[in-house]
Amino acid sequence: RVREALSELARSLGTDGRITFSGKSLPGYPPRFVADVSAAHRLGFAPKLGLSEGLRAYAQWFRNEDLA
């Protein structure tokens, strides 16, 4: 899933950079991360955008802010 999100972000930014993972985590980092959004849902949060649309919107904002 991380690779898919990064690939989508790269496409949205107009780059075709190769995404590679070493398979190793830094010392002290957990080997995996799992998001638990149940507390946000209990507070009434619901996303307005899907992941792909949100990444495209972020890429557009990033370009408009001249951060690239």
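Author: Leaving aside its neighbours within four places in sequence, Leu9 is in contact with Leu55 and Tyr58, where contact means heavy atoms within 4.5 Å. This is a predicted model, in which local features need pLDDT of at least 70, side-chain atom pairs count only at pLDDT 80 or more, and totals for chains, interfaces and linings use all residues. Residues are numbered from 1 along each chain as its sequence is written, and side-chain values use heavy atoms, with hydrogens and water left out.

Reader: Which helix does Leu9 lie in?

Author: Leu9 belongs to helix α1; helices are DSSP runs of H or I with at least four residues, numbered from the N terminus.

Reader: And how many residues apart along the chain are Leu9 and Gln60?

Author: They are 51 residues apart along the chain, while 10 Å separates their C-alpha atoms.

Reader: Switching to the helices, at what angle do α1 and α3 cross?

Author: The axes of α1, residues 2–13, and α3, residues 51–64, cross at roughly 40° and come within 9 Å. Angles run from 0 to 180 degrees between N-to-C directions, with axes fitted to C-alpha atoms over the stretch in contact.

Reader: Which residues in α1 meet α3?

Author: On the α1 side they are Ala5, Glu8, Leu9, Ser12 and Leu13, and their partners in α3 include Leu51, Leu55, Tyr58 and Phe62.

How values were computed
Helices (H or I, at least four residues) and strands (E, at least two) are DSSP runs, numbered from the N terminus.
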